[in-house]
Amino acid sequence: MSSVLSYILAAVAGVVIAHFISRAPEMRAMRLAQLVLIPGLLVMCVYCSGIGGVGGFASFLAVLFFLVLLVAPSIAHHSGAVLSNFLDAYDWTPTEEEIALRPVRRLIEKDQYVEALAELDGLLTKHKPTYEALLIKAKLLHHFGSVDETTATLLRLIELSKITDQQLAVMQLLALLEGHQRPSNKPLTPGTRQVEIRHELVLFQTTGDDSAAHKEIPPGIHEVEETFHRNRRWLKLAGEDWGNAEMCWEAILTADGPVAALPKKGIFRQIARVRQAIKGKPRAQLQAEAQKLFAEANQFIRRDDWQTAVLLLEKASACDPDRYEIAYRWVLAVRHTANDAVTAQAVSQVMQQSQWTENEQHMLHQLKSPVARNLAN
């Protein structure tokens with residue numbers, strides 16, 4: 001009776017051990033084999049230990065050897081995770097992340113997308129973003145048609161990509177959104193410049209038909225030049241036909257060098273502060289912020305609260321300097337809250353920040369005249 005109980009306890013212990021050492025997502029490929037073999041090998045260890053003699057001992061060592069080989073990868077993985085967590089503590093482990101994301105996935109399976117996004121946003125306020133969590137968020141945002149927010153979320157995934165395949169998946173999703181994004185009309189800057197990136201970046205061919213060809217460049221300083229590819233602004237390595245969208249480079253740029261001196265006073269000192277505050281953010285993220293600020297400013301304009309609106313509009317224009325309706329509305333707000341000289345400065349500022357059509361330039365210049373001020377009021 002005791003021997004049968006020993007076999008049962010060994011089998012149960014084997015199932016429990018196999019379950020816990022294969023919980024990590026990286027170990028899932030071995031889970032079925034471990035759930036079957038570990039209990040069996042432990043039962044054989046109990047059996048061989050009861051045989052006795054040299055033969056039984058040799059059989060026990062042989063079975064134990066195979067058992068060690070079977071669990072060695074899992075033990076090595078968990079030991080490495082513990083050591084890594086000791087040296088650089090995780091915000092949440094892969095196992096914790098998988099468990100935390102289960103309610104989100106269940107809501108998605110039930111087509112409860114609003115609840116799923118709210119649940120996910122709640123998790124991301126408590127934990128640092130991970131590749132898997134942000135990828136789910138990007139898909140949810142795309143489902144709701146939020147192109148700018150989807151793009152901004154995907155750009156954040158570049159730095160979270162651990163392997164090339166993950167970054168390639170991000171690039172494929174960004175390519176699908178290209179048709180829904182407003183292309184920049186800012187002219188190309190001739191010549192080359194140096195940029196420093198803090199993460200690996202996948203580059204693609206800018207010429208030829210092999211769009212699937214790619215290579216990866218390491219973090220560091222690279223000399224690049226501006227170009228257009230698929231009607232989008234790209235940066236490519238100087239003298240080479242390898243590049244990527246400008247917004248992808250911007251998503252992983254390191255901090256810039258010394259900050260330019262601020263104007264001494266006035267509204268343009270505020271603009272300079274805003275531009276310094278937003279420097280380094282991905283373009284798509286800035287465009288999404290600009291749209292949100294623009295919508296808020298319009299609500300204050302409807303209540304004739306131009307003083308509050310001008311602050312929101314100046315930040316929106318700094319986030320998205322190529323969007324004319326924001327730039328025009330900002331100058332109009334300056335017209336309502338400042339004198340003619342400041343308004344003329346605001347018009348000059350807007351004229352320099354992007355390339356406008358003749359009609360757009362004419363409408364901006366009209367705001368400098370006192371007549372325009374009376375009409376605005």
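I count a salt bridge when a side-chain nitrogen of Lys or Arg sits within 4 Å of a carboxyl oxygen of Asp or Glu. With that cut-off in hand, I searched the whole structure, a predicted model, and found 11 salt bridges.

**Entry: K137 and D121**
I looked up K137 and saw that its salt bridge partner is D121, with the closest N and O atoms 3.3 Å apart. This pair links distant parts of the chain, since K137 belongs to helix 6 (residues 131-143) and D121 to helix 5, 16 residues apart. K137 is buried at 17% relative accessible area, while D121 is partly exposed at 29%.

**Entry: helix 5**
Helix 5 runs over residues 113-126, and its 14 residues reach 20 Å from first C-alpha to last, close to the 20 Å expected. Which residues of helix 5 are buried? I noted A116, L117, L120, L123 and L124. They lie on the same side of helix 5 because they cover an arc of only 120° around the axis. On the other side, I found V114, A118, T125 and K126 exposed.

**Entry: E225 and K236**
Next I checked E225, which forms a salt bridge with K236, the closest N and O atoms being 2.6 Å apart. E225 is in strand 4 (residues 220-229) and K236 in strand 5 (residues 232-237), so the pair ties together parts 11 residues apart in sequence. K236 is buried, at 13% relative accessible area.

R323 and E325 meet in a salt bridge of 2.5 Å, N to O. Here R323 is buried at 16% and E325 partly exposed at 40%. Lastly, I noted a network of salt bridges linking R193, E226, R233 and E246.

Conventions. Residues numbered from 1 in each chain as written. Predicted model: local features only at pLDDT ≥ 70, side-chain atom pairs only at ≥ 80, totals over all residues. Heavy atoms only, no water. Helix = DSSP H or I, 4+ residues; strand = E, 2+ residues; numbered from the N terminus. Expected span 1.5 Å × (residues − 1). Buried < 20%, exposed > 50% of the residue type's maximum accessible area, 1.4 Å probe, protein only. Arc of directions from axis to C-beta.
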